[in-house]
Amino acid sequence: MFRAIASSAKLLRLGVSVARPSLPAVSVVSRQLSDAPKLSPAEFDAKYLALFNNPQSDGWVIRKAMQDLYSEDLVPEPELVTAALKACRRVNDYALAVRFLEATRFKCGTQEKVIWPWMMQQIKPTLAELGISSIDEMGYDKPELYLEINQRRIAVEIINNANAPRSNASGCSSPSNGRLDRTRLWSLIQEEKQRQFRGLELIASENFTSRAVMQCAGSCLTNKYAEGYPGARYYGGNEVVDRIELLAQSRLLDCFGLDPQRWGVNVQPYSGSPANFAAYTGLLKPHDRFMGLDLPDGGHLTHGFASPQKRVSATSVYFESLGYKVDQRTGLLDYEQLESTARLFRPRLIVAGVTAYPRLLDYARFRRLCDELGAVLMADMAHISGLVAAGVIPSPFEFADVVTSTTHKSLRGPRAGVIFYRRGERPPASAKEAPRQYDFEERINFAVFPGLQGGPHEAAIAGIAAMALQARSPEFKAYAKQVLANAQAMSRALIAKGYSVVTGGTDCHLLLVDLRPKGVDGARAERVAELAAITFNKNTVPGDKSALVPGGIRLGTPALTTRSLVEKDFEAVVDFIDKAVDIAIHAKSKTKMLKDFKKFVLEDAETARRIGELKQEVESFASRFPMPGWEDY
């Protein structure tokens, strides 16, 4: 290592043909990042040579060793550089080899002109042997977007759009600070804002987040790489990011009234599906068995959905999944069938969670079944987490071992996912069992990173912290109560108009409507409603055979409740939905295939006129209500 003046004995041992560069006679102290005993230069070299030369070292170990080596205040010896390059070749990671070369050159610092040519002479045979080009040969001797100093000010002005705002082709002006693209992109963002503002958003999994969350999501935190966890990152400069992530964890636990000694939370999953897959990966071995609510019966893709012809979700590819069902007559979850099937299937984990089921789950019954089978109980509360946080519906935390959620549905936060897990001492299964600790934290955290993800999205994590604080407010609790009241009002209004509401009503924020008795399907109703500025989704209902042309629709109240709609307003919304369904019924009678239907509603003059009139009514109604966020985007 170039810690001090070069050693002539070392040069002889290296057998170099060019004199080793002489450096100023100063002592360079390597950083100690732990309390471990400081290694001698020979011990230090031996440690990293062993890591790089070990054929069992995978890409992760090699990368970690490089990162640790880079954190030291020294330039690696040529033997270490060549060993690292051979390790990269062994795991077939050319990009990592290039990055290590760049890092090594950078570590030469002010002595680059002296050390780097000598280093290149030492490692050149290895580069030729491995087929790795030098930095100069690849054109990386300058930064990728190299600009002369007098060009940089101009470039910054271009990037920040520092000039006065101009109107684009659509007549829309960019914001006065000029920080967004003034061309087509800005126009499209404004167009989407207007679509949301002038329409009726009834998709149960969508909501309108606050300006505070948007500020976090669009902040400088987007710039930061933060692989790892607070206090154990693989990049520098994360002192502030660590505090933000810890704040998000603390606020989230407080949001759900959880004791941090008994519960922990990982806030790094990118969304709900990655959160679920990470939970499975941490808790199960490949091809272990688990059960979740079947997709056609109201479950999510990540609850293990597989059709008779194909394993659709990756969760059914890497694990052996079996869906439990609802009673086809009532639409209610068939607990007795679930229990008998589970006793035969013997799953290692059972998911208690829904995406299109309008009733509450009996978590206590799931807990008893899991205890009987020795299975982990995982609750997926992605849809209902805001209602749980507000305390307006029962919480799964009393019964579950692990709880996953998104943060952008009823919680009104950023698009992200979270995983809660029990920690501390585990209750013994019997009087004879010795006390033991939950190990979920280590397993789940490792599954998220490095198992499935790289750097977390710290801007979204800051948004989680903002969201969690808002969710503890009295205003949020009032909002959650109104979400339930609006869903029940909508259910009553639909039933009064002769619609078949699955299970006869709702206990939460969503409801399913079976359109088959009306003589139409969810796909056709969805398309007409979309053209009339009403957004909901087609959805399978009990007895359906097709997910592309299902018999029902799913309606949700969180988004419009955020916009201040109350019960009487949702009665008006049902009137609009009824008109859209009536148009769909008429258009279906004139066509056969769905593709013909979609063409007909655009080209038939009378149908287009009816849709246009309905759209005007809807937009006039929707524009009366406020919308959070920024005024024009």
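Author: Rings of Phe, Tyr and Trp (its six-membered ring) pair if their centres lie within 6.5 Å; planes under 30 degrees apart count as stacked, over 60 as edge-to-face and the rest as tilted. On the ground rules, this is a predicted model, where local features need pLDDT of at least 70, side-chain atom pairs count only at pLDDT 80 or more, and totals for chains, interfaces and linings use all residues. Residues are numbered from 1 along each chain as its sequence is written, and side-chain values use heavy atoms, with hydrogens and water left out.

Reader: OK, how many aromatic pairs are there by that rule?

Author: The count is 23 aromatic pairs. Take Y280 and F319: their ring centres are 6.1 Å apart and the planes meet at 70°, so this pair is edge-to-face. Y280 sits in helix α11 (residues 272–283), while F319 is in the loop between α12 (314–318) and β6 (320–324), 39 residues away. Helices (H or I, at least four residues) and strands (E, at least two) are DSSP runs, numbered from the N terminus.

Reader: Are Y280 and F319 buried or exposed?

Author: Both Y280 and F319 are buried. Buried means under 20% relative accessible area, exposed over 50%, and partly exposed in between (1.4 Å probe, protein chains only).

Reader: Switching to charges, what sits over the ring of F345?

Author: The charged end of R289, 5.0 Å from the ring centre. The rule is NZ of Lys or CZ of Arg within 6 Å of the ring centre and within 35 degrees of the ring normal. K518 also lies over a ring face, that of Y499, at 4.3 Å from the centre.

Reader: Now the core. Which residues touch the most other members of the largest one?

Author: L252, F256, L333, L361, F366 and F420, in a core of 69 residues. Helix α17 (residues 458–470) gives the largest share, 9 residues. A nonpolar core here is a set of buried Ala, Val, Leu, Ile, Met, Phe, Trp, Tyr and Cys residues joined through side-chain atoms within 4.5 Å.

Reader: What does F366 touch, apart from its sequence neighbours?

Author: Beyond four places in sequence, the contacts of F366 include Y324, L333, Y335, L338 and L377. Contact means heavy atoms within 4.5 Å. There is also a second, separate core of 42 residues, with I534, V573, A580 and F597 among them.

Reader: And L511, where's that?

Author: L511 is in strand β14 (residues 510–514). It counts as buried because its relative accessibility is 0%. V501 is 10 residues from L511 in sequence, and their C-alpha atoms are 7.1 Å apart.

Reader: Is E339 buried or exposed?

Author: E339 is buried, because its relative accessible area is 14%. E339 belongs to helix α13 (residues 335–345) and touches R365 and L369, leaving out residues up to four places away in sequence.

Reader: What about the backbone, where's a cis peptide bond?

Author: From F449 to P450, with omega near 10°. P450 is in helix α16 (residues 440–452).

Reader: Which phi does H287 have, positive or negative?

Author: Positive, about 70°, although H287 is not a glycine. Most residues other than glycine have a negative phi, and most peptide bonds are trans. H287 lies in the loop between α11 and β5 (289–293), and counts as partly exposed at 47% relative accessibility.
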